[in-house]
Amino acid sequence: MDGFFSVFDMLAWFPENISTFGQELDNLFAIIYWVSVAIFFLTFGVLGYLLVKYRYSPDRRGYNYHGNSVVEITWTVLPTLLFAAIGLYSDDIWERTKYSSKVPTADVEILVLGKQYGWVFLYPGADGTFGRNAHNDRTARSLMSATNPFGRDTADPAGFDDVMTENQFVVPVNANVVMRGSSLDVLHSFFLPHARVKQDVIPGLWMTIWYNLFKTGKYELACAELCGGGHYGMRAEYEVMSRTDYDKWLDARNAEVNAARTPQPAPTATTDTAAVASLR
Amino acid sequence: MSTSTLQHGSAAEHGHDHEHGHHHDLPWYRKYVFSTDHKVISKQFMLSSLFFLFVGGAFALFIRWQLAYPGQAIPIIGDILPASWATNGVISPEFYAQLLTMHGSIMIFFVIIPFAVGMFGNFCIPLMIGTDDMALPKLNMWSFWLVPPAGLIMMAGFFTETGYAAAGWTSYPPLSAQTGLAKFTISGQTLWTISVFLVGFSSIMGAVNYVATVLNKRAKGMKLFDMPLTVWALFITAIIITLGTPVLAAGLAMLFMDNFLHTSFFLPDNLVTNSKYFGGGQPILFQHVFWFYSHPAVYIMILPLMGIVSDVMATFSRKPIYGYKAMVFAIAGIAFLGFIVWGHHMFQSGMNPLLGTTFMLSTIVIAVPSSIKVFNWLGTLWRGNIQFSSAMLNALAFVSMFIIGGLSGVFMASAPVDIYIHDTYFIVAHIHYVLFGGSLFGIFAGIYYWYPKMFGKMLNETWGRRHFFWTFVTFNLTFFPMHILGIGGHMRRIYDPNVYDFLKGLGGINETVTIGAIALGFSQLILVGNILWSMKWGKKAPRNPWKANTLEWAAPEHPGHGNFDMDITVYRGPYEFGVEGRQDDYWPQWEKGASVTVHHHTIAVADDTKTFGAH
């Protein structure tokens with residue numbers, strides 16, 4: 001029975017929120033929800049009352065009345081004020097979460113690409129800067145391919161330590177994460193349900209996606225835009241880590257990258273892990 | 001109306017010059033197939049829409065089965081499905097994408113629009129403005145006869161290599177524009193574009209005709225503000241269609257060329273794909289072009305029903321519509337605003353967030369004319385004498401479901417809230433509350449209301465009420481829980497929710513929805529049964545069974561080609577119920593008589609030499 005009644009408590013069905021602006025979005029949802037519930041009971045109450053009170057009776061006739069301007073102006077002005085208030089309040093939040101001028105300074109910067117059917121991520125690696133790739137240099141887009149999705153220029157030393165991951169990524173807790181998202185083939189949508197983040201990614205354009213998560217743990221990334229038969233399976237996992245764990249993770253990736261690379265002049269200060277961590 | 005006017009349409013076409021009503025010398029295929037009679041065309045639209053309603057509904061039930069019982073074989077029919085659809089009775093992810101595309105496309109382009117605009121536009125406009133036929137009957141005939149071929153073309157996608165179109169009814173490129181096929185290959189997607197292009201053409205032809213008819217062929221004495229709200233709504237809808245549909249046609253033409261000729265209107269440089277193409281295009285461009293039509297299109301799908309529901313409610317409340325002119329202006333307001341809000345479909349699409357602000361504010365403004373309409377409907381019920389006929393029950397369902405659909409619309413109109421609920425089942429719930437809870441209940445109301453004039457027989461009221469009851473209950477069982485799925489984050493258009501951990505708790509709700517949907521689908525058989533049974537065995541309909549005021553009830557029980565058997569002059573507005581000083585509680589528009597208006601009341605006066613304004 002408990003389960004049955006929970007159907008009527010719609011707000012309880014949200015997945016747990018883990019992002020800083022998420023609470024604000026949920027609150028706005030709740031405000032509109034309660035306003036809607038009030039309007040629902042008001043209008044349905046009036047409707048039910050009228051239907052019962054004025055149900056058919058053979059000894060009565062309908063009242064010939066064509067309407068009253070004062071009443072009509074009232075019920076035009078009141079909803080206008082109500083909805084204008086909702087609109088202006090919403091816009092305030094919208095500006096803060098989406099306007100490009102309001103994107104915070106990045107603590108962590110990650111590139112993300114959607115493809116049929118999966119996600120790939122690129123971290124700037126130990127040096128904290130990306131090498132030449134399709135995001136920071138338009139001309140590098142011609143290098144994009146299934147094996148080199150980010151169009152990385154293998155000749156650029158700054159890119160030697162860039163770390164690519166597939167279908168999983170990690171971010172530090174309580175940090176401003178700024179992602180630049182695009183797609184290799186068709187439209188996808190970068191959807192982090194717990195973080196209340198959603199942004200379509202479009203081939204040929206780079207979208208800015210930012211968030212700041214306050215809770216550690218493992219969560220899911222989903223694609224929210226139909227992208228073909230395998231759309232439903234376009235799932236990835238991400239982990240929100242404490243700062244120490246995150247640094248450890250980065251160092252481990254860095255070690256992997258170095259091990260995998262053919263003997264080349266090592267990039268600057270690869271062994272100083274403490275210094276590497278402080279760069280981010 | 002003079003006899004010469006009545007004959008005008010047919011005389012011009014056939015060169016015959018005989019009395020009105022004597023058209024039985026037309027060959028059968030001109031009377032029942034390629035007919036120019038607006039009532040026959042209306043019935044044709046009704047039949048084809050009913051047929052496609054069941055096709056689209058069947059597609060929906062496949063979708064529902066998969067969501068409730070992912071990976072389980074479909075019972076009974078699972079084994080006989082073609083191999084391209086299912087293996088061992090379990091439908092494939094590729095076919096699932098085709099299903100949702102075809103469900104949406106068929107329901108919108110072949111059910112709701114043809115019902116709302118094609119069927120009611122054709123039936124109501126000439127009869128309600130008291131004329132013999134449309135201004136352009138041949139064009140009217142063609143507007144119907146583009147629909148069956150278009151339907152067949154869309155369904156023919158089954159026979160192509162890739163199956164039906166599979167990019168959603170919105171068909172966003174690049175998914176819809178580069179299929180990896182060679183140039184000049186016919187695919188489900190190219191057939192889809194051709195088909196929608198054709199129905200768009202059908203809409204435009206119908207709409208031009210409606211505008212011409214309303215402006216030129218109103219009965220003697222009928223001013224624009226004497227028109228019933230149904231005619232007003234259809235008239236304004238027709239204007240939306242003539243302005244919006246050509247834009248969609250342009251978008252579809254570009255999409256077709258991207259597919260068929262490998263141009264790159266919507267394809268950017270450096271896609272990682274096997275297809276050969278030029279690049280340099282812009283995927284978001286299509287969304288702008290598409291929604292510039294398709295947002296007004298949602299009003300194309302609901303405004304006519306708002307008009308119909310107003311008429312039904314006035315008749316069965318035995319009361320004038322509360323605030324008739326406000327209703328007209330609200331329809332016009334919604335129609336205008338409909339053209340400046342399309343970006344609210346694109347809040348998360350990568351459109352500049354600055355535009356999000358603009359479109360959010362314009363969208364929220366639409367709530368105002370919508371609430372005016374709801375309040376006026378409630379005002380119409382106030383101090384009425386309400387008869388709960390099947391038509392009225394469906395009209396009331398329209399109003400109440402439209403309230404829910406309107407309220408859930410406020411959530412997604414608010415751009416920051418939309419971040420989370422966009423592309424989830426919350427949107428699916430909303431669209432079905434307005435398009436099924438709104439439009440389809442309105443369509444049912446219209447069918448129950450005008451069936452007697454269409455077929456000369458009454459529909460069975462008992463079965464009408466049963467149909468209403470089952471539809472109303474199962475509709476809410478199907479679509480209300482979808483709000484919860486949406487809040488839980490359930491994305492739309494996914495084949496298997498069990499892939500995601502965060503959706504694991506929603507299985508029970510998905511099952512409820514599916515059970516509701518199956519019951520809802522089967523409930524519609526009652527309607528079809530009733531329509532067919534009553535055609536043969538229904539009670540004979542009197543001329544004015546509902547004691548209504550509008551001109552269609554002045555026509556004979558089962559009007560033939562030419563409609564009216566008397567001269568029609570209009571003396572007053574369409575909603576004079578309960579007028580003081582009259583025996584009857586209704587006062588048809590065509591009945592002579594004088595009245596005065598005192599404090600928003602109409603009072604009949606003896607002096608029939610003068611007519612005062614009735615509003």
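A crossing of two helices is called left-handed if the near helix is turned anticlockwise from the far one by less than a right angle, and right-handed if it is turned clockwise. In this predicted model, the crossing of α10(B) and α12(B) is left-handed.

**Helix pair in chain B**
- Helix α10 (residues 324–337) and helix α12 (residues 367–381) of chain B have axes that come within 9 Å and cross at roughly 150°; since angles over 145 degrees count as roughly antiparallel, α10(B) and α12(B) are therefore roughly antiparallel to each other.
- On the α10(B) side the contact involves B:Ala326, B:Met327, B:Ala330, B:Gly333 and B:Ile334, which meet B:Pro369, B:Ser370, B:Ile372, B:Lys373 and B:Asn376 of α12(B).

**Sheet in chain A**
- An open sheet of five strands in chain A has the order β4-β10-β9-β6-β7, with mixed pairing; its edge strands are β4 (168–172) and β7, each of which pairs on one side only, and the twist averages 25° from one strand to the next.
- Within this chain, β6(A) and β9(A) pair in the antiparallel sense over two bridges, and A:Phe191 has A:Ala222 in β9(A) as its bridge partner.
- Helix α4 (residues 243–260) of chain A lies across β4 and β10 (236–241) of chain A, and runs at about 135° to β4(A).

**Contact between chains A and B**
- Chain A gives 81 residues to the contact and chain B gives 86 residues; on the side of chain A, the largest share, 14 residues, comes from α3(A).
- The residues on that side of chain A divide into 43 nonpolar, 24 polar and 14 charged.

Note on methods. Residues numbered from 1 in each chain as written. Chains lettered and ligands numbered in written order. Predicted model: local features only at pLDDT ≥ 70, side-chain atom pairs only at ≥ 80, totals over all residues. Axes fitted to C-alpha atoms, helices over the stretch in contact; angles between N-to-C directions. Helix = DSSP H or I, 4+ residues; strand = E, 2+ residues; numbered from the N terminus. Parallel < 35°, antiparallel > 145°, perpendicular 65-115°, else oblique. Contact = placed C-beta atoms within 7 Å. Nonpolar A, V, L, I, M, F, W, Y, C, P; charged D, E, K, R; others polar. Pairing = 2+ DSSP bridges.
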